[in-house]
Amino acid sequence: FVTYRDNMSELKDKCRKTYTLLSYAMFPILCGFAVCAKPFVLFTLTEKWLGCVPIIQLVCIYFCTIPYLQTISQLYLAVGKVKIRVWGEVIKMVLTVSLLFAFIKYGINVVASLKVLVALLMILFTLVLNKILFSFPINEFFKDIMKPAILTLIMCVLIYPLVFLPISPLIIVLLQVIIGGG
């Protein structure tokens, strides 16, 4: 992004292309794995480990936010807004640690859910900040990720019912991968 630091229009375009392309790759992989988590755990770790399925699913959702957040971090570094990036990380860490200590007594699933919530709040924070600093319209972000999100949702709707088939978890995962990837 540093190459385009003097041309905000070009920089914005490259930034949008980057997180949109990453969304096309990451959304289906991570959401697909979230849907496949139960049969995958049954096949690889056995029924004893089914309690980790919600955590896997929440971690997958969390990592869907990372392409945007990392792209914006690189944007801030490229235009010399290092302090904003650092303050964003500090805010994220303070929120995460505070919520961890406040909610650890409710279990790991609640903590993982809060990690997703913090990531979504950071996206909102960066959207507003980008609007103020760079005049990036907030609706463009949603427009950019809408198509990969809808395609991913369709894929998930198609492969989720396979979880209920009375067949081997390995066969279910294989069917989900074939149908979801096809």
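Q: Is phenylalanine 164 buried or exposed?
A: This is a predicted model. The cut-off for exposed is over 50% relative accessible area. Phenylalanine 164 has a relative accessibility of 59%, so this residue counts as exposed.

Q: Which aromatic residue forms a pair with tyrosine 160?
A: Tyrosine 160 is itself partly exposed, at 43% relative accessibility. The ring of tyrosine 160 is in an edge-to-face pair, with 85 degrees between the planes and 5.4 Å centre to centre. The partner in this pair is phenylalanine 164.

Q: How many aromatic pairs does the structure hold?
A: Rings of Phe, Tyr and Trp pair if their centres lie within 6.5 Å. By that rule, the number of aromatic pairs in the structure is ten.

Q: What is the angle between the planes of tyrosine 62 and phenylalanine 63?
A: Tyrosine 62 is buried at 14% relative accessibility, whereas phenylalanine 63 is partly exposed at 38%. Their rings form an edge-to-face pair, 5.1 Å centre to centre. Edge-to-face requires planes over 60 degrees apart. The angle here is 75 degrees.

Q: Which residues form one aromatic cluster?
A: The cluster is made of tyrosines and phenylalanines. Its members are Tyr19, Tyr68, Phe141 and Phe142.

Q: Why does threonine 152 count as buried?
A: Threonine 152 is placed in helix α5, which covers residues 138-159. Leaving out residues up to four places away in sequence, threonine 152 touches Phe27, Pro28 and Cys31. Buried means under 20% relative accessible area. Threonine 152 counts as buried because its relative accessibility is 5%.

Key
Residues are numbered from 1 along each chain as its sequence is written. This is a predicted model: local features need pLDDT of at least 70, side-chain atom pairs count only at pLDDT 80 or more; totals for chains, interfaces and linings use all residues. Side-chain values use heavy atoms; hydrogens and water are left out. Helices (H or I, at least four residues) and strands (E, at least two) are DSSP runs, numbered from the N terminus. Buried means under 20% relative accessible area, exposed over 50%, partly exposed in between (1.4 Å probe, protein chains only). Contact means heavy atoms within 4.5 Å. Rings of Phe, Tyr and Trp (its six-membered ring) pair if their centres lie within 6.5 Å; planes under 30 degrees apart count as stacked, over 60 as edge-to-face and the rest as tilted.
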